[in-house]
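Student: I have the sequence and the model open. Can we go through the side-chain contacts one at a time?

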Amino acid sequence: MGFPSLRAAAGVLRRACGPWTPLLGRRPFGLPPMAGNAESPAPVEARQEQDKKVRSGWQGGAKVWEETEQQAKKLKSSADGEPRRKLPKRKIVLLVAYSGKGYHGMQRNVGSSQFKTIEDDLVSALVRSGCIPENHGEDMRKMSFQRCARTDKGVSAAGQVVSLKVWLIDDILEKINSHLPSHIRILGLKRVTGGFNSKNRCDARTYLYMLPTFAFAHKDRDVQDETYRLSTETLRRVNRLLARYKGTHNFHNFTSQKGPREPSAQRYVLDMFCEEPFERDGLEFAVIKVTGQSFMTHQIRKMVGLVVAIAKGYAPEDVLERSWGEAKVDVPKAPGLGLVLERVHFERYNRRFGNDGLHEPLDWAGQEAEAAAFKEQHIYPTIVSTERHERSMAQWLSTLPVHDFSATAQAAASPRGQVPSPQDGSGGDGDSD
C-alpha cells in the first residue's frame with residue numbers, strides 16, 4: 001500500500017523540479033514496473049530532451065563562473081597598475097625641450113632623490129598621463145628608454161630626442177605636457193621602427209653656446225665691461241680659430257680620464273662657428289654653434305674655453321695643435337650655463353626608413369617654430385638673467401690667468417688599439433656634454 005504513495009510523491013517532485021524529473025521518474029535498475037502506476041514511463045525522446053536541459057543548466061553555470069573569474073582577474077590587474085583595456089605598446093620618439101637650470105643633467109639616477117634630473121620629471125609625467133605603467137617608471141629598461149645625449153648639469157636643450165615604448169593613448173602629447181613644468185615641453189612625437197635606439201641611430205648633434213661678447217675682449221680690458229661690442233675683425237679671428245676644430249682630432253685634453261691613444265678620444269667635428277652678436281637687456285651676446293658626430297663630457301665647454309683664452313691673449317694659437325697631441329695641456333672649461341643641445345640628426349635613418357611609406361622622417365621641420373619660441377621664452381632669458389645676477393662668465397674669466405697653457409706632462413699611453421679613421425665616428429662612449 002505504500003508504493004502508490006511514493007509514486008504519487010515522485011510525480012509531485014517531477015512537476016516541481018522540472019529538469020530533474022528524468023532522474024525521479026525512472027525505476028531502479030533491475031526492478032520490474034510497479035503495478036498500478038498511474039503514469040506511464042516518459043518516451044525516449046522526452047527523456048533525451050530533459051537530459052539536454054540538465055546539461056545546458058550545468059554549462060550555463062560554468063559559463064557564468066568563467067566570466068566572473070575573468071572579471072576578478074581584470075580587477076586584480078587594474079589594482080596592480082595595469083589598464084583595464086589592454087593597449088599595444090609602440091616604439092616612438094619624443095622631441096623634448098627644457099631649461100637645465102636647477103637640474104643635475106638629463107640622465108636619471110634611479111634610487112637617488114638628492115640630485116634632481118630632467119628625466120625624473122619626464123618619467124613622472126609619463127606615468128601620471130597613463131602612457132606607461134608605474135613599474136616602467138621604476139625600471140626604464142622595461143620601456144626601452146634611451147636619450148640622444150646625456151646633457152650635463154645646468155645644460156638646456158631645444159631638440160633633445162628620446163626613444164621609448166608607450167601606450168598610444170588619446171591626446172598623448174597634451175596629457176604628458178599637462179603633468180610637466182612649463183620649462184620642460186614635449187614638442188613632437190613620431191613612430192619609429194621597433195628596434196630604434198635614439199643614441200645609436202643618431203648621426204650627429206648640434207649644440208649652441210651663448211656667451212656675453214666681453215668674453216672675447218683683450219685681457220687688458222675690464223673683465224666685465226658691459227659696454228664692449230664685438231668688432232668685425234675680432235669675430236673674424238674667433239671664427240678662424242673655431243674652424244680649426246673641424247675634422248677628426250684627438251680630444252683627450254678636452255675631457256677627463258681619457259688617454260691620448262684611446263680610440264674613443266678621437267672625435268669628428270663637422271662644423272663650428274660664431275654667429276653675429278645681438279643685444280639682450282643692454283648686454284651683447286653671441287652664439288657659437290658646433291656640429292659633431294658625438295662629444296665627450298665637457299668637450300664643448302673646453303673647446304669654447306680654449307678659444308676664449310686665445311682670443312683674450314692668455315694662450316698662444318699653437319696651443320690648439322699641441323692640445324691634440326699626446327702632451328698633457330691645461331685646457332680651461334667654460335661655464336655650463338650657456339650650453340644648449342640645439343638639434344640631433346638622423347640622416348642615415350631617414351634615407352632608409354623615412355620614405356618607406358610606414359615611417360616618418362625624423363627632421364622635425366614642423367616643430368622648428370615651437371622650438372624657437374621655447375628658446376626665446378625659457379632658455380635665453382634664463383641665460384641672460386643668470387649671467388647678470390650670478391656673473392658666471394665674469395667669474396670664470398678671472399680664473400684664466402692661473403692656467404698654464406704650456407705642455408706640462410706627457411700623458412700616459414693607452415694600449416687600447418689603433419686610432420680610428422675619420423669615417424669611424426665616435427668610437428664609443430656616447431654624447432654627454
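Student: How many aromatic pairs does the count come to?
Tutor: This is a predicted model, in which local features need pLDDT of at least 70 and side-chain atom pairs count only at pLDDT 80 or more, while totals for chains, interfaces and linings use all residues. Residues are numbered from 1 along each chain as its sequence is written, and side-chain values use heavy atoms, with hydrogens and water left out. Rings of Phe, Tyr and Trp (its six-membered ring) pair if their centres lie within 6.5 Å; planes under 30 degrees apart are stacked, over 60 edge-to-face and the rest tilted. By this rule the count is 8 aromatic pairs.

Student: Are the rings of F196 and Y349 stacked or edge-to-face?
Tutor: Their centres are 4.9 Å apart. Their planes stand at 75 degrees, so the pair is edge-to-face.

Student: Which parts of the chain does that pair link?
Tutor: The two residues are 153 residues apart. Helices (H or I, at least four residues) and strands (E, at least two) are DSSP runs, numbered from the N terminus. F196 is in the loop between strand 4 (184-191) and helix 7 (198-201), and Y349 is in helix 11 (residues 347-353).

Student: Is F196 buried or exposed?
Tutor: Buried means under 20% relative accessible area, exposed over 50%, and partly exposed in between (1.4 Å probe, protein chains only). F196 has a relative accessible area of 2%, so F196 is buried.

Student: Over which ring does the charged end of K190 sit?
Tutor: A charge sits over a ring if NZ of Lys or CZ of Arg is within 6 Å of the ring centre and within 35 degrees of the ring normal. For K190 the distance to the centre is 4.9 Å, and the ring is that of W364.

Student: With which residue does D152 form a salt bridge?
Tutor: A salt bridge is a side-chain nitrogen of Lys or Arg within 4 Å of a carboxyl oxygen of Asp or Glu. The closest N and O atoms are 3.4 Å apart, and the partner of D152 is R301.

Student: Which residues are linked in a network of salt bridges?
Tutor: The side chains of R237 and E317 meet at 3.5 Å, N to O. Those of R240 and E317 meet at 3.2 Å. The network is made up of R237, R240, R244, E317 and E321.

Student: Where does helix 12 bend?
Tutor: The bend at a residue is the angle between axes fitted to the seven residues ending there and the seven starting there. In helix 12 the bend is about 40 degrees, at K375.
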